[in-house]
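Please open the model in a viewer and keep the selection tool at hand.

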Amino acid sequence: MKAMLLDATGQPLRAAELADPVPAAGQLLLEVRACGVCRTDLHVFDGELPDAKLPLVLGHQIVGVTEDGRRLGVPWLGWTDGECRYCRTGRENLCDNARFTGYQLDGGYAERVVADERFCFPITDGYADEQAAPLLCAGLIGYRSLRHAGEAERLGLYGSGASAHIVAQVARHQGRRVFAFTRPGDAEGQVFARELGAEWAGGTDERPPEELDAAIIFAPAGELVPVALAALAKGGTVVCAGIHMTDIPSFPYELLWGERQVRSVANLTRADGEEFLALAPKVPVRTHVETFPLTEANEALDRLRRGRIRGAAVLIP
């Protein structure tokens, strides 16, 4: 099969011919129809996430078809032990022995992939392959982050990438008011956010017109944590949605006081996936995608790094 292979962190992906993967017991072989390009892929590519399997096929927002014709989605969480204290208490996303697609397991930057059947999700007929792919991480982690924002009416979204453009739609469906923050000067991104239902959009260097009840930070920039805290009303929550973030700078206790809180979101559970994929067509969530041939995976990653993707990038083998 054709694949784009990461031989070493920081090096461009290499077009390679690999043997077709062979499914083990409990696994499925899928023909990849589409694979979303995620910022987590960049963190693996850059070596910011340690101990990646190398050489590695990146990609964890996979829509594929099984040999018996089922269309399934393969997400980031690829396997858990089912026995640790986290798994036994409904927190499999925190499993110490978890294995992740496109990180410790080969992913979807390829024509075929194998995946544990227990961790695959059926894909509704209402979405084309490329439109469904971003739901499997950008959508899922965004949905989990939104739940941890509580009942916030005034919601700030820091970052204008794939997750934010999905979460904005879900939040509006829930009756929340959305305030969007993009890179300073990104007028196009701010117009896009307003098209998705944000009532205000500005740069991360601006203050919103009123206090926020919660903020979700999708950008991997630790310096945004005190910025978001400063925009919160008392009792508000800042949710850090990324798997990697630069260091959070020191900030005065006054920003945290008033029962404000900062929390992270880690990975996802299968329950998250089932809930969100059932909700998405009811909203309905419409994903905005830019597609690339598999061989242009490096270009897609570079454009994602530079913030030059409107919505989500998706590879089509």
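Select Trp76, Phe100 and Tyr103, which form one aromatic cluster. Rings of Phe, Tyr and Trp (its six-membered ring) pair if their centres lie within 6.5 Å; planes under 30 degrees apart count as stacked, over 60 as edge-to-face and the rest as tilted. This is a predicted model, in which local features need pLDDT of at least 70 and side-chain atom pairs count only at pLDDT 80 or more, while totals for chains, interfaces and linings use all residues. Residues are numbered from 1 along each chain as its sequence is written, and side-chain values use heavy atoms, with hydrogens and water left out.

In the whole structure, 5 aromatic pairs are found. For one of them, select Tyr143 and Phe276: the ring centres are 5.6 Å apart and the planes stand at 40 degrees, so the pair is tilted. Tyr143 belongs to helix 3 (residues 138-148) and Phe276 to helix 8 (residues 270-279), 133 residues apart; helices (H or I, at least four residues) and strands (E, at least two) are DSSP runs, numbered from the N terminus. Phe276 is buried at 0% relative accessibility; buried means under 20% relative accessible area, exposed over 50%, and partly exposed in between (1.4 Å probe, protein chains only).

Next, select Tyr158 and Phe181, whose ring centres lie 4.0 Å apart with planes at 5 degrees, so this pair is stacked. Tyr158 is in strand 11 (residues 154-158) and Phe181 in strand 12 (residues 177-182). Tyr158 is buried at 1% relative accessibility, and Phe181 is buried at 0%.

Move to Arg270. Its charged end sits over the ring of Phe119, 4.0 Å from the ring centre; the criterion is NZ of Lys or CZ of Arg within 6 Å of the ring centre and within 35 degrees of the ring normal. Arg270 also forms a salt bridge with Glu92, with the closest N and O atoms 2.7 Å apart; a salt bridge is a side-chain nitrogen of Lys or Arg within 4 Å of a carboxyl oxygen of Asp or Glu. Arg270 lies in helix 8 and Glu92 in the loop between strand 7 (77-79) and strand 8 (99-100), so the pair ties together parts that are 178 residues apart in sequence. Arg270 is partly exposed at 25% relative accessibility, whereas Glu92 is buried at 10%.

Finally, select Arg154, Arg177, Glu199, Glu210 and Asp213, which salt bridges with shared partners join into one network. The whole structure contains 22 salt bridges.
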